[in-house]
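Please consult the sequence and the structure while reading the points below.

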Amino acid sequence: MIIFDSDSRKYYHAPLMSGPDAVHRLEDPFAFARSGNSLKGRLAIADMPRLWDRMADTSGTVEYEIRGRVDPRQRPLLELEIAGAVRMRCDRCLDQLEFPLKLASRVLLLQPGAAHPDDADDPASPEWLEVGRVLDLQELVEDEILLGLPYSVRHSGDECSGRADNGRIGAKASPFSALASLMEPKQANKN
Ligand SMILES: [Zn+2]
């Protein structure tokens with residue numbers, strides 16, 4: 001049994017920007033971008049429900065690092081790196097596998113209602129995001145992982161208990177298929 005009394009209210013979690021108790025919010029993201037500062041945090045897959053149906057279980061964690069920058073045109077942007085290990089399901093045998101997640105992206109910051117970047121159609125230009133006074137980093141990290149996860153992952157040949165017979169090659173459609181193929185270096189000769 002846990003008893004809360006008035007004394008316990010003196011204690012609260014300080015808003016540390018890393019660790020499991022972090023408050024994953026960025027106050028004034030425009031100032032942060034121009035400051036050149038960086039911050040790190042850690043998020044559990046269990047706290048990002050939009051990822052759950054892509055995972056074999058919700059046990060993994062990811063670390064993120066956000067760095068403030070301006071681009072050559074002096075536009076504020078954030079560089080975001082995400083790394084961790086998540087448990088996905090092998091597309092061939094349906095057993096679990098640990099997938100090493102490593103993502104990097106750049107996000108231009110726009111004031112709400114601002115004109116979209118004139119180079120938005122250029123594949124080499126950063127993504128962009130309308131943000132207000134506070135940026136929800138958990139939502140941002142969750143979005144980036146959703147975009148970055150491969151459609152399909154497989155064990156490497158030796159580790160897989162299944163047969164290469166289901167014909168699903170969805171990973172080839174993903175811009176991150178290089179990551180998926182790292183997981184299955186012997187796959188090309190399996191069929
Ligand atoms: Zn497998």
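**Strand pairing and overall fold**

S5 and S6 pair in the parallel sense, over four bridges. Two strands are said to pair if DSSP finds at least two bridges between them. Helices (H or I, at least four residues) and strands (E, at least two) are DSSP runs, numbered from the N terminus. The model is a predicted one: local features need pLDDT of at least 70 and side-chain atom pairs count only at pLDDT 80 or more, while totals for chains, interfaces and linings use all residues. Residues are numbered from 1 along each chain as its sequence is written.

**Composition**

- The protein contains three helices and seven strands.
- Along the sequence, these elements follow the pattern β-α-β-β-β-β-β-β-α-α.
- Of the 191 residues, 26% count as buried; a residue is buried if 20 or more other C-beta atoms lie within 10 Å of its own, exposed if 12 or fewer, and partly exposed in between, with C-beta atoms placed from the backbone.
- Among the contacts with a separation of 6 or more, 58% join residues 24 or more positions apart; two residues are in contact if their C-beta atoms, placed from the backbone, lie within 7 Å.

**The sheet**

- Five strands form an open sheet with mixed pairing, in the order S2-S3-S4-S5-S6.
- Strand S2 (38-44) and strand S6 (127-130) stand at the edges; each has a single partner strand, so one side of each is left without a neighbour in the sheet.
- On average, neighbouring strands of this sheet are turned by 30° against each other, direction ignored; the axes are lines fitted to C-alpha atoms, for helices over the stretch in contact, and angles run from 0 to 180 degrees between N-to-C directions.
- Strands of a sheet pair through backbone hydrogen bonds, either parallel or antiparallel.

**Pairs within the sheet**

- S2 pairs with strand S3 (residues 61-70) in the antiparallel sense over seven bridges.
- Within S3, Val62 is the bridge partner of Leu43, and Tyr64 stands opposite Gly41.
- S3 and S4 are also paired in the antiparallel sense, over 10 bridges, and Arg69 stands opposite Leu77 in S4.
- The hairpin of S3 and S4 has five residues between the strands, and Gln74 there takes a positive phi near 65°.
- Between S4 and S5, antiparallel pairing extends over 13 bridges, with Leu77 opposite Leu108 in S5.
- S4 and S5 form a hairpin with six residues between them, and Leu94 in the turn has a positive phi of about 70°.
- In S6, Glu127 is the bridge partner of Val107.

**Helix H2**

- Helix H2 (residues 137-148) has 12 residues, which at 1.5 Å a residue should span 16 Å; its end C-alpha atoms are 16 Å apart, which agrees. The expected span is 1.5 Å times one less than the number of residues.
- Leu137, Leu140, Val141, Glu142, Glu144 and Ile145 of H2 are buried.
- The cover over the buried residues of H2 includes strand S1 (25-27), S2, S3, strand S4 (76-89), strand S5 (96-110) and strand S7 (134-136).

**A loop residue**

- Gly132 lies in the loop between S6 and S7.
- Gly132 counts as exposed because it has 11 C-beta neighbours inside 10 Å.
- Gly132 and Leu109 are 23 residues apart in sequence, and their C-alpha atoms are 9.4 Å apart in space.
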